[in-house]
Amino acid sequence: MSKIRAAITSVHAFLPDYALTNSEIEKMVDTNDEWILSRTGIKERRILKGEGLASSDMGAEAVKGLCAKRGISPSEIDMVICATATPDMLFPATANIICDKIGAVNAFGYDLMAACSGFLYALVTGSKFIETGTYKKVVIVGADKMSSIVDYTDRAVSIIFGDGSGAVLLEPNEEGNGVMDSILRSDGVGRNFLYQKAGGSQYPATHATVDAKEHYIYQEGQTVFKFAVTKMADVSAEIMERNQLVADDIAWLVPHQANKRIIDATAKRTGISSDKVMVNIEKYGNTTNGTIPICLWEWEKKLKKGDNLILAAFGGGFTWGSVYLKWAY
Ligand SMILES: CC(C)(COP(=O)(O)OP(=O)(O)OC[C@H]1O[C@@H](n2cnc3c(N)ncnc32)[C@H](O)[C@@H]1OP(=O)(O)O)[C@@H](O)C(=O)NCCC(=O)NCCS
């Protein structure tokens, strides 16, 4: 009997309407369009506006769209894993809230937190439930309202992040398509360079933590950059090597969108030419867990059954990884 693989059978995304442009950021902090564009590749990012709207609202939209495209009812979903760094609340899980908002009444769900690598970690985790025959329809959703933890007076952080979500449906495939291989890594040393200090069990929220702006993202950009640029490139090259893949075998590189220079370094290291690299960072910035499924959604029409894709991510923690995927439709 052929091996059951977990294949992506539908993809959808949601991006809020409001675009925060570089020129608007110029009015908030001491920066300029030319600097932002040349150092990051970002022109604008989307921001979710509206009282009480949260990551789950964007996640729910992505999952609803994915079900409509596949022609299934949310009640057919077995399981939802939500990768997020900005859960609606610390608990319950944002996945539970998404299930409730879309009517996934037969699904159970939980959140997975691995910063910007969360979507890849969740994709690999979810694929195991398909490969083992446990479930038939597993949804992986990456959803982040990064604007809720960005200090718009900090020029090192505010230029980078944006809001958005993307989701994929995993189903069993016996034609040899789907998740073929994965490498996931982490190193806790990274907690010193990219974090949201307060609001957890170590530093619960107090007036002092609010006054010290400790509920916002703290990032040592240069250190994060140095790790990201080598780790994401290395892990992409490693997964290609161990699957005997050369650049010509790859239809698309799907990198996490954190900085155009990190993406370029990964493409260079793997030898994959720039016309085969999904890049939309200029429009959305870094949407954290949203970047990879948003790319897949934007490029969906260009993807062909059997295409070899290399997905790669790097994030806080540090966390990083790559997935080798054969597109199934
Ligand atoms: C944040 C980042 C864009 C900063 O770019 P950089 O080239 O490393 O810039 P540096 O921090 O070395 O700063 C260089 C100079 O630009 C200045 N600068 C920093 N941010 C600036 C901004 N938004 N506008 C203008 N100048 C800025 C610095 O103050 C510094 O000035 P100085 O030389 O006078 O001291 C970059 O480090 C980065 O992308 N890091 C990785 C971020 C990331 O991937 N995060 C998510 C992980 S998933």
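**View 1. Gly321 in strand β13.** Gly321 is placed in strand β13, which spans residues 319–326; strands are DSSP runs of E of at least two residues, numbered from the N terminus. The model is predicted, so local features need pLDDT of at least 70, side-chain atom pairs count only at pLDDT 80 or more, and totals for chains, interfaces and linings use all residues. Residues are numbered from 1 along each chain as its sequence is written, and side-chain values use heavy atoms, with hydrogens and water left out. Gly321 counts as buried because its relative accessibility is 1% (buried means under 20% relative accessible area, with a 1.4 Å probe and protein chains only).

**View 2. The surroundings of Gly321.** Beyond its neighbours within four places in sequence, Gly321 is in contact with Leu120, Ile183, Leu184, Val235, Leu311, Ala312 and Ala313; contact means heavy atoms within 4.5 Å. Leu311 lies 10 residues from Gly321 along the chain, and their C-alpha atoms are separated by 8.3 Å.

**View 3. Ser182 in strand β8.** Strand β8 covers residues 178–186 and includes Ser182. Ser182 counts as buried because its relative accessibility is 19%. When residues up to four places away in sequence are not counted, Ser182 touches Val124, Ile239, Arg242, Ser322 and Val323.

**View 4. The lining of the largest cavity.** Gln257, Asn280, Tyr284, Gly285, Thr287, Thr291 and Ile294 line the largest cavity. A cavity is a set of points on a 1 Å grid over the protein atoms alone where a 1.4 Å probe fits but cannot get out, and lining residues have an atom within 4 Å of a point.

Notes:
On a 1 Å grid over the protein atoms alone, a cavity is a set of points where a 1.4 Å probe fits but cannot get out, and a pocket is an open set with protein on both sides within 12 Å along at least five of seven lines; lining residues have an atom within 4 Å of a point. Helices (H or I, at least four residues) and strands (E, at least two) are DSSP runs, numbered from the N terminus. Buried means under 20% relative accessible area, exposed over 50%, partly exposed in between (1.4 Å probe, protein chains only).
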